Amino acid sequence: MIAVLLRFPRQPVLSRCIRLTSLYAQRCTVPNTVNNAEPPTYNEVRIQMLSRHLQACLFGCEITRYDLAPQSVLNELEKHGIDVTRSQPERLPVSFSPPDLIGGDIEQHMQNISAQLVTPYLKLLDSFSGTIPPMPESWSTQSGWTRYSGDRIEGVRAPVDDIMVLDIEVLMEEGDLPTMAVVLTPNGWYSWVSPHLYSEKLSTNETLDSLIPMYDGEDTSRPKCVIGHFVSFDRARLLEEYYLQGTGTRFLDTLSFHVAVSGLTSTQRHLKTTASKHLFNNKLWQKYMSTHGETSNLNNVEERANVMGLQWISETSLNNLTDVYRLYCAKEPPQDKTARSVFESGTRQEVQTRFQELMRYCATDVSMTYEVFQKLLPLFKERFPHPATLYGMLEMGSMYLPINDSWSKFQENADRKFAENEQRQKHLLMQLADQALQHYSSPDTDPQNDPWLWDLDWSLPKIAKAKTEVDERLSKLPKWYRELIPKPIKENLDAGPALLTAQMRIAPKLLRLCWQGLPLHYDQELKWGVLIPGRAPQPYGDPRFYEETSVDCTAQANRLSVSDGENTGQTQDSTIVSESVNNVCNLTLRSRIPVSKETAAGRVEYSFPYGAYLSYWSAAMHRQFLSDLSDNPNGGFASAYRQRAVPDFRDDHLMDELQRSIQAMPLEPEERARLSATISAIRNLGTRSDDYGTNRQGSSEPVYEYIGEMQVRGSAFWLDPKRYESVKQAVLNKHPKSNRRQKNRRAVDTVNPVIPTCWFNHLPHDDGEGLPVGSPLSRSFQTHIAANRLHSASMEMLDLPRVNAQEMPNSPSEIHTAHLATELLRDRVHATFWQSYSKRIRNQMAVWLPTSILPADVRNNPNFNPSGHHGAILPQVIVAGTVSRRAVEPLWLTASNADRNRLGSEIKSMVQAPPGYCFVGADVDSQEMWIAALIGDASFGFQGATPYGWMTLEGNKADGTDLHTKIAQIMGITRNEAKVLNYARLYGSGYEFTKHLLTKFSNLTPEQAGLKANQLLRTTKGQRTGSHSRAWKKPGQDSTEQTNNASEPSARWQGGSESAVFNELEGIARSSEPCTPVLKAQMTRALNPKLVKEDTIPSSQL
């Protein structure tokens, strides 16, 4: 989406564009639909084409006849649910006479138009070459601009040249306004000094007296070109750029030029950084070393890079000016960045004292930028030959956001509501703390039976005799509550736990948070997660953990086996159940397990409420197992076990172990027998003894440690052919911290405290599985809260059967507690946007314009408010900030659309056109998808030949034939969520990111999301066949021809709706000189196939 503030620039070239646009609008107001209009024209797959008249005008030729599509194309479309013969409403073709093109067709027209637009600036850039004037030996302290021409020094209003290199320095401790600046032009040097540097008065952003003028007269339309490294930072300090009528100045960013020519991906940047520091023990380096079989001790960076196929290292650099200078100028920079610390944290007095040194520092940066520019410009023109590329970057560097009083009111209002929200959250948490204290102050209740509060310090203070009212009240307060009171005085005791915040570790415990039904648990080493019951404490029979029971479990199991068989329609063999549980019930685990926790004060002993925790676990097992059998015998866990990949004798043993562990749990006998019978029913569904084949030998291997992994992964465990390999290595190494780092293992050992009856499963982390989560109330969990995956347990437990009633927390205020917790979680979601973006919003440099410099058409407009304020923000954009040349900016290019449930998300609506002006929006709908579709279709020679192309060009939301609706139906998500998945896949995301998005979008476990991600990728991209071959050679082709021609991979995608698209995209990316089809723009040298191995970051190349 491109939104432009409609101003009236005075450049002749732009005026021509305005005239052409106006003519086009006049002629297109009423399309020509005369009676003798030509009939609709359809191509090979029934996609309506442009009218023949328009086709001739735009492309200089006509296609008068379309043949039928090949049957293979029709079969592929039909395979993906596309019927090209379906009836469709006939639409009359739009026919009109467009303005005359400047060229023979639309391609030549765009070439000529962009050339005309960029020519004034390209001439300026080409003229700036040769030897530069010598740098002044001494710099003037006079405020404003000073010109240095030979021995002559004079004050001027602004530089008179139209091409220059600029660098501005800002004393950050005193705000955003400039402190000093240096300019280099073909004719001399200029310096600028703030009028407030040597004065006691400080300026603010509300006035223009501290901004830097760049024009020496009132005419600001004259084309100028300013060169800088991250030049948008400098532009935000230039006076005329805030004028509403605009200027003729355009800005060339050497940082963006460098990223486009030699920029690095995030992974490459990490490798480059560690290589330059000789940190070759880094994990990424070790991975490359092992992949390429290199074990020798190579200390030279270039030597290691050559061995491991990372030759791009010598052709690239990081983005800072020092490294960029070193890369392109092939010599050491004339200075380092130590002087910059004065501007980052120094004072005006330091700048005054070191003025000459700091001016030289600024001027040397300008000189380095000039040398980099001289090297980069020819490289850029060679790699990006189309004039639209350069002009597009120049134009994007002139963004302008007009604001008014609404901007200030918006911030004030959001800050006030956020503060109220924070205070309300604090008050709610204090209420929950008081409720917990009140509930467990009763002698009939014990916090050691609470699955959340059991490991809080409930010890009372040792006060021999209460001398005051404060002492008496303190003597009744547990330690965890006392630590939330600022100071033990009466006023603070009356106020309650005022130090409590949502960021504290105790907050999720007071909220009684659950992850998909299981209470959250905090481990000192592993951080936040949930516990997975099923372990058997060793040694077996230890009286600390086990107790004898006389319950007849076998009889209970037999009765429930028959009962469940009737309910599910399955015939159960009660003998199987009886044999699997006999004698096991003689010993069961205690409902409270002794554990110890290492704290700063030493080891502390606790009792883990295993029985109470099992109440929640049992309910989750009911949902996972029993619902599969009663509601859908062919779905979920039971179906996965029946259809498991590579059946193995260990599968039977694992189910036996699960039954044994359940028999040892302190559950009610009926509940224990019910779960055991259900597992037997699932086993009967999946008995496939004849299929075990060569996996019979696996039956002797211990499978006990896989009980936790099976519970965590659910259906995904059984569908994994290597399910018994992921845990094996982790089991061999029993060191807890080593286990924590086993990425393939989901159920790991608890560390601190060690809970011998449970495994630990981490909460999901945005950066990958198994990483520690610092807070479940952080921003990344807001989507999980909104989807109810992370929720308060109290309300849910009201309707659950009490598995062991005497062990359950028995709070009379559960409903009220649940209401408070729900309200607090809702407030957290509401505040997440402002919490993340408020600092960036406050850091925007808003400059307010005096009424006197506003254009007359604004002041004379009836809607103009003389007492109001008008200003502007100039976004500090890196116009080519990524290797795909996508613009980067921390606020305006990342803020999402307005949502009433997210405080501050309406920020974009605060950019408002002044009276008499308006925004004009232009959007090419789904342009990336259209381009990708045309690239895929091009291999067949007509539009819509691939399923992806047909759905993009002809599919529509109304009848569910467009790509987003199709994917939404397949995945069971909303159309907007499907849109995110589709664009992410197109931009190179694979299995892990797709799985991450699905986990956020739907109420799926990571394992279930993984299965869905695999399904989606098989449906869309298809399956990879063959293997990559950089040395692919056509029959009869010699090595010379092979070197000069594009390498063609033997690996191809097949069977998916997008297979043809990705095959064509990969064909471009892996060609010897990859470039885009129309603009002929090449990718960064860091991804050049000549320098990058086949297995390095293919998604970035795509």
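A cavity is a set of grid points where a 1.4 Å probe fits but cannot get out. Rolling a probe the size of a water molecule over the atoms shows where empty space is left. In this predicted model, seven cavities of 30 Å³ or more are found.

**The second largest cavity**

The second largest cavity holds about 70 Å³ of space. Two elements each give two or more residues to its lining, namely strand 9 (401-404) and strand 21 (870-873). Strand 9 contributes the most, with three residues. Among the lining residues are Pro402, Ile403 and Asn404, together with His870, Gly871, Leu849 and Gln912. What is the make-up of this lining by class? The lining has eight nonpolar residues, four polar residues and no charged residues.

Strands of a sheet pair through backbone hydrogen bonds, either parallel or antiparallel. Here, three strands form an open sheet in the order 9-21-20, and their pairing is antiparallel. Why is one side of strand 9 and of strand 20 (846-849) left without a neighbour in the sheet? Both strands stand at the edges and have a single partner strand each, so one side of each remains without a neighbour. On average, neighbouring strands of this sheet are turned by 35 degrees against each other, direction ignored.

Strand 20 and strand 21 are joined by four bridges in the antiparallel sense. Within strand 21, Gly871 stands opposite Trp848; Gly871 also belongs to the lining of the second largest cavity. Helix 15 (residues 405-439) packs on the sheet and touches strand 9, strand 20 and strand 21. The direction of helix 15 makes about 70 degrees with that of strand 9.

**Strand 18 and its partners**

Strand 12 and strand 18 run antiparallel and are joined by five bridges, and Val530 has Asn761 in strand 18 as its bridge partner. Strand 17 also pairs with strand 18 in the antiparallel sense, over two bridges; in this case Asp749 stands opposite Trp759.

In a regular strand the side chains alternate between the two faces of the sheet. Are the two faces of strand 18 covered or uncovered? Both are covered: Cys758, Phe760 and His762 on one side are buried, as are Trp759 and Asn761 on the other. Five of the five residues of strand 18 are thus buried, where buried means under 20% relative accessible area.

**Backbone features**

Most residues other than glycine have a negative phi, and most peptide bonds are trans. The table lists departures from both patterns.

| Residue or bond | Feature | Value |
|---|---|---|
| Gln538 to Pro539 | cis peptide bond | omega near 0 degrees |
| Asn752 to Pro753 | cis peptide bond | omega about 10 degrees |
| Arg512 | positive phi | phi near 55 degrees |

Pro753 is in the loop between strand 17 (748-749) and strand 18 (758-762). Arg512 is placed in the loop between helix 19 (506-510) and strand 10 (513-515), whereas Lys527 lies in strand 12.

Arg512 has a relative accessible area of 9% and is therefore buried, since the cut-off for buried is under 20%. Lys527, with a relative accessible area of 27%, is partly exposed.

Key. Residues are numbered from 1 along each chain as its sequence is written. This is a predicted model: local features need pLDDT of at least 70, side-chain atom pairs count only at pLDDT 80 or more; totals for chains, interfaces and linings use all residues. Side-chain values use heavy atoms; hydrogens and water are left out. On a 1 Å grid over the protein atoms alone, a cavity is a set of points where a 1.4 Å probe fits but cannot get out, and a pocket is an open set with protein on both sides within 12 Å along at least five of seven lines; lining residues have an atom within 4 Å of a point. Grid points are joined across faces, edges and corners, and a volume is the space filled by probe spheres set on the points. Ala, Val, Leu, Ile, Met, Phe, Trp, Tyr, Cys and Pro count as nonpolar, Asp, Glu, Lys and Arg as charged, and the others, Gly among them, as polar. Two strands pair if DSSP finds at least two bridges between them. Axes are lines fitted to C-alpha atoms, for helices over the stretch in contact, and angles run from 0 to 180 degrees between N-to-C directions. Contact means heavy atoms within 4.5 Å. Buried means under 20% relative accessible area, exposed over 50%, partly exposed in between (1.4 Å probe, protein chains only).
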